[in-house]
Amino acid sequence: MSAGTARSPGRPPFPGMVWIPAGGFRMGSDHHYPEEAPAHDVEVAGFWIDRTPVTNAQFRNFVKATGYRTLAEQPANPAHYPGANQERLAPASIVFVPPPGPLGPGSHYRWWQYLAGANWRHPEGPGSSIKRREQHPVVHVAWEDVLAYASWCGKQLPTEEEWERAAWGGLCNTEFAWGEELYPGGVPLANTFQGDFPHHNSRLDGYERTSPVGSFPANGYGLVDMIGNVWEWTNSWYGQHQQSTGACCADAALAKAREASIDSHSQHGEQPRKVVKGGSYLCAPSYCRRYRPAARMAQGLDTSTGHMGFRCVVRPSELATL
């Protein structure tokens, strides 16, 4: 990597953005979940990325300026869900509801509820609010919502490769984004789930659900909350690592990758799926060890949840179009 690519090309295009220098890294893992394999070498051009996930306050500014209504705030289109009853078509989103006690083997749907009235303003459904949570990450945002926000503020969504490079913070070949231990010295370095999942969160890290952005140490690039707190959308279609396609490829390749991302046997049915990264406050050693930069998950375009957010990027090559 030359010194020219390592150095920022100038001031950030927007406040609160951090320069990630061009360079290579080892993406993925051969030692964890199968969808992370194969580990492979990747080169990424330099780009700016938001220091934090988009917050409730930032998203509220967007809504005030545009009058935008998120997918979760609108009734579902019955044409998209033939046979669904009217109750399931009401404005709603997916909320984590911890059970009263331990659960035996079975479907994880037992701790998720599709809850009418849940949306970014009401993260746990009617009666909840974002009051005093202005600096928490916005949640219950589906793919069309994050695209609308990014377009409004003149930014883009990161590819999976960009996101993972940024999450490592300059480290490599370690188990976690900060080193080899999940809790170095017994201290959590990200907002994840401690205790007996899913019914008892000990809150060793201080939080039951989302936390204010920046509550945990920044990585080597100065970015916060890349791991834990909320999953983050990327612009890459879900597929095998070397088949996933982000924003950089020809239209035909993107269309093919979009189609290949569909898995009718998954919980997303016929919906195309994007890669999401970083894990969330619900990742626990006994259930979801995806609090690592290499971890990835598929998310349907029409799905919003209480543990899904995003951050944006700007690429120097695209500045001329802003």
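**Close-up views of a predicted model**

Isoleucine 49 stands opposite valine 313 in β13. The views below come from a predicted model.

**View A. The β4–β13 pair and its sheet.** Strand β4 covers residues 47–50 and pairs with β13 through two bridges, in the antiparallel sense. The open sheet has three strands, in the order β1-β4-β13, with antiparallel pairing.

**View B. Strand β3 beside β2.** β2 (residues 23–27) and β3 run antiparallel, joined by five bridges. Glycine 24 has glutamate 43 of β3 as its bridge partner. Side chains alternate along β3, residues 40–44. On one face, His40, Val42 and Val44 are buried.

**View C. The buried face of helix α3.** Helix α3 spans residues 143–153. Its buried residues are Trp143, Asp145, Val146, Tyr149, Ala150 and Cys153. Viewed down the α3 axis, the buried residues fall within an arc of 165 degrees, so they line one face of the helix. The elements covering them include α2 (56–66), β9 (231–237) and β10 (273–277).

**View D. The residue after α3.** Glycine 154 follows α3. The phi of glycine 154 is positive, near 75 degrees.

Key
Residues numbered from 1 in each chain as written. Predicted model: local features only at pLDDT ≥ 70, side-chain atom pairs only at ≥ 80, totals over all residues. Heavy atoms only, no water. Buried < 20%, exposed > 50% of the residue type's maximum accessible area, 1.4 Å probe, protein only. Helix = DSSP H or I, 4+ residues; strand = E, 2+ residues; numbered from the N terminus. Arc of directions from axis to C-beta. Contact = heavy atoms within 4.5 Å. Pairing = 2+ DSSP bridges.
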